[in-house]
Structures are given as C-alpha cells and as structure tokens.
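Hi,

Here is the structure I promised to send over.

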Amino acid sequence: MIDIFRSEWTKIRSVRSTVWTLTVTAVLVLGLSALISASAKNMADGPVPGDQAIMLSLTGTMLASLSMATLGVLVISSEYRTGGIRTSLMAVPRRTSLLAGKIVVFVAVSLIVCGVASAGAIGVGVAISQPPSIELGEVARASLGSALYLTACGLFGLGLGTLIRHTPGAIVSAIALIMVLPTMANQFPGEWGRTVAEYFTTNAGLLVVSGQSNASLGPWSGFAVYLAWVAVAVISGAVLMRRRDA
C-alpha cells in the first residue's frame, strides 16, 4: 500500500486542479470570515459574544464544501476522462486498493489544509469582531468540526465521481446533495418532513460545525449520519468500479 500512497500523492500534488481548488477553499473560508465578522461588528449594538464570533468566522464553510466536493470528484473522474485510469489499473490490478489509496491520500491532504484554514478563519474572525472572551475548547472543537465536515464533503465528491465517472455529472450531483436538496428538504411539511430534513446529508453534517443540536441529532451524531451518506456513495462507487470496464 505504501507504493500506492506514494503514487497517489504524486498524482494529487502534480495536478493544477488540486492547487486551485484548495486555494479557492482557503480563500472562501478566510475571506468570508473577515467579511461576515466585520459586518457583524459594525451592525452590533455591543460586543459580539464569543460563541457567536466563532460561528460567524466559519460562515464560509458552506461554500467551501462545494470546492472540496469538486476536488474529490476530480481525484477520480479526471483519470477516467484522460484514460489514465487504465494505466493506474495496470499498475494496481486490485481496484479497491487503488480507490483506498486515493481516499487515504485525499483525506490526509484535506484534513491538513481545511484544519489550517478553519483555525485561521476563526483567528481572523475573532481578531476583527473582538469578543470579550472566547473558550479555547470551543475554538478547537469548531476548527476540528469544520475540517472534518469539509473533508467529508470531499469524500462525498470522490464517491460520486467513482460512481458516475463523468466530471460535470458528478459535480452537479454533489452540488444537489450538498447544497440544493437539503434546503428543499427543509420545506417538507409535517412531522415526517421535519425528520427527513434533519437526517438529510448536510443538514445533519453541519451540526458538527455549529456545535448545535436539532430535535433528533447532536453535533457528533449528526456528523455520523452524514458519514453514512458519504459511505453509501463511496461503497456504491467501489462496487461499480470492480464490476465495470475501465
């Protein structure tokens, strides 16, 4: 597996789309943190509370989730588009090992970049909004939660890219499942509609970023539900990857 990790690391760092999507992610997280925090400070009648300042600092996480999902799609779909997947499968005939290598390298890169960006966003936001006090434990939890959420969104994209193998189709599917359909689910009527909305993809996953709970899920149980959605996409993609021709 070490050779597979090295190979996938070489691929992911030598492609321009990796640099661009990670840069966009960092710019969105940091830029929106500065913008929203400055706006909140100017509009507030008094000091911005510490917990509110931390939440406002991570506003960019929602948009950044799309850039990470796009990177996840490109990690696998670009090889299908160029035909490079055939070369990869000749070098690594065990397809699940190849996919596992891509997942491990992607998760490692994403956690580092998104963790640094999230912590930086909180630092920028707190410096601008200047709350009277903040809890360091809450800062660590929010930074970790944001990094885990963005990484999960990237894995969602990787799973959809493996499943669909077509870059535009996989990206559109990721946008629908991460951004559009969760918003629509919130409009479902009745008790069943509320329950469906609470368990639907990012409606559950974002709880780990906010640290809040809904009627059914807490921050970490909500993230576990989101990981279940991600696992369905990744496992379905792995099964089809083994059965279909490259």
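Is F188 buried, partly exposed or exposed? F188 is partly exposed, with a relative accessible area of 36%; on this scale buried means under 20% relative accessible area, exposed means over 50%, and partly exposed is in between, using a 1.4 Å probe and protein chains only.

Before the rest, a word on the source. This is a predicted model, so local features need pLDDT of at least 70 and side-chain atom pairs count only at pLDDT 80 or more, while totals for chains, interfaces and linings use all residues. Residues are numbered from 1 along each chain as its sequence is written, and side-chain values use heavy atoms, with hydrogens and water left out.

Aromatics

Searching the whole structure turns up 5 aromatic pairs. F188 and W192 are stacked, because their ring centres are 5.7 Å apart and their planes sit at 25 degrees. For the cut-offs: rings of Phe, Tyr and Trp (its six-membered ring) pair if their centres lie within 6.5 Å, and planes under 30 degrees apart count as stacked, over 60 as edge-to-face and the rest as tilted. W192 is exposed, at 54% relative accessible area. Elsewhere, Y149, F156 and Y226 make up one aromatic cluster.

Pockets

The largest pocket holds about 260 Å³ of space. A pocket here is an open set of points on a 1 Å grid over the protein atoms alone, where a 1.4 Å probe fits, with protein on both sides within 12 Å along at least five of seven lines; lining residues have an atom within 4 Å of a point. Points are joined across faces, edges and corners, and the volume is the space filled by probe spheres set on them.

There are 16 lining residues in the largest pocket, and P182, N186, T202, N203 and L206 lie nearest its centre. α8 (167-185) gives the most to this lining, with 4 residues; α4 (61-82), α9 (190-199) and α10 (201-205) are also among the elements that supply at least two each. Helices are DSSP runs (H or I, at least four residues), as strands are (E, at least two), numbered from the N terminus. By type, the lining of the largest pocket has 8 nonpolar, 6 polar and 2 charged residues.

Helices and backbone

α6 (residues 95-129) has 35 residues and reaches 49 Å from first C-alpha to last, close to the 51 Å expected at 1.5 Å a residue; the expected span is 1.5 Å times one less than the number of residues. Q130, which follows α6, has a positive phi near 50 degrees.

R165 also has a positive phi, near 65 degrees, and sits in the loop between α7 (136-164) and α8. R165 is partly exposed, at 26% relative accessible area. T201 is in helix α10 and has a positive phi near 25 degrees; at 0% relative accessibility, T201 counts as buried.

Cheers

Conventions
Ala, Val, Leu, Ile, Met, Phe, Trp, Tyr, Cys and Pro count as nonpolar, Asp, Glu, Lys and Arg as charged, and the others, Gly among them, as polar.
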